[in-house]
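I am opening my notebook on a new structure today.

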Amino acid sequence: MTTSSSPATALASSQGGPALQRLLDALKNTVLGQPHVVADLVTAFLARGHVLLEGVPGVAKTLTARSMAAALGLEFTRVQFTPDLMPSDILGTNVFRPQENAFHLVKGPVFTEVLVADEINRTPPKTQAALLEAMEERQVTIDGTTHVLPPHFFVVATQNPLELEGTYPLPEAQLDRFLMRVRVGYPPPEAELDMVRAFHQRQGRAAQVERVLDAATLTQLQAQAASVACDESVLAYTVRLIRETRANPRVRLGASPRSAQALLAAAKARAALNGSDFVTPDDVKAVCPSVLNHRLLLKAEAEVEGLTADDVLRQTLERVQVPR
């Protein structure tokens, strides 16, 4: 699934030790040929962020999220977003019970630990916005009452970037709630053959992933990622990258100061996965594309030329001097 230098392999040698090794072993048997997806998903979870998986249908986006939830031992809920989905369908609603002469909260699917928002761009902005408070504050407000979500609340949303008919593109405010946008492509030929072989051997049954981590370990790993040290020179490097996106003449809207915080949080989590107790410029560079590719708006002429946010980020990483 991975090579010795890939981010996913680095999970095995991190300070989480055996715990992260068990997590890697559980995921690599179902998520084949996508080491960067595995690495970014675990990075985002350790950084207490959320992930938008972007790819064409059939590349195992939902399977990846489901496998992650099972391996972490977290409650999993999947919601198929559709044009007629209402905010109350996500959050829940208060229902009056005559026998008790009182209202009772019927909780929506957001009251879970891993929420998969499938095809999130197929639902209207009003319903998309219903997730804003939940993702940012890890709580929801229904009829004036605030309800706290589970401590490990983790949103994995999916969308197809090619099929745009009948969709509602996510506004910038919604996109900014995702720590990472991870592009899921087709696996290499050998991994695709392994997928078909495994499907044949299971006789069409769904792959089963066992729980490998408990709640206490998850909390410990997240705390470990947050406590990773970062030298002043790396902090300055992170800010220079962010400011360089704003200075690019092809960019209409560059990365915000909140983007700098997101980039640092992801880099600290990636350093923990790599078995380090301090952040290096390579950690920042490794997570930069997934953290920033959905936070840049290009000018119209740049898009006409075929330039993408990923192209701008590659240029930015090449231009900004790396601290020694």
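**Cysteines**

I looked up C230 and found its sulfur 14 Å from the closest cysteine sulfur, in C288, which is too far for a bond. I note that the model is predicted. A disulfide is a covalent bond between the sulfur atoms of two cysteines. The cut-off I used is 2.5 Å between the sulfurs. By this rule I count zero disulfides. I checked C288 from its own side too: its nearest cysteine sulfur belongs to C230, 14 Å away, and C288 is in no disulfide.

Next I asked how accessible each one is. C230 is partly exposed, at 24% relative accessible area. C288 is buried, at 2%.

**Aromatic rings**

How many aromatic pairs does a search of the whole structure find? I got two.

I took F45 and F154 to begin with. Their ring centres are 5.4 Å apart and their planes meet at 75°, so I wrote the pair down as edge-to-face. Then I looked up where the partners sit. F45 is in helix α3, residues 35-46, and F154 is in strand β8, residues 154-159. The pair therefore ties together parts that are 109 residues apart in sequence. Are these two buried or exposed? F45 is buried, at 3% relative accessibility. F154 is buried as well, at 1%.

Then I turned to F96 and F103. This pair is also edge-to-face, with 5.2 Å from centre to centre and 65° between the planes. F96 is partly exposed, at 40%, and F103 is exposed, at 59%.

Notes. Residues numbered from 1 in each chain as written. Predicted model: local features only at pLDDT ≥ 70, side-chain atom pairs only at ≥ 80, totals over all residues. Heavy atoms only, no water. Buried < 20%, exposed > 50% of the residue type's maximum accessible area, 1.4 Å probe, protein only. Phe/Tyr/Trp six-rings, centres within 6.5 Å; stacked < 30°, edge-to-face > 60°. Helix = DSSP H or I, 4+ residues; strand = E, 2+ residues; numbered from the N terminus.
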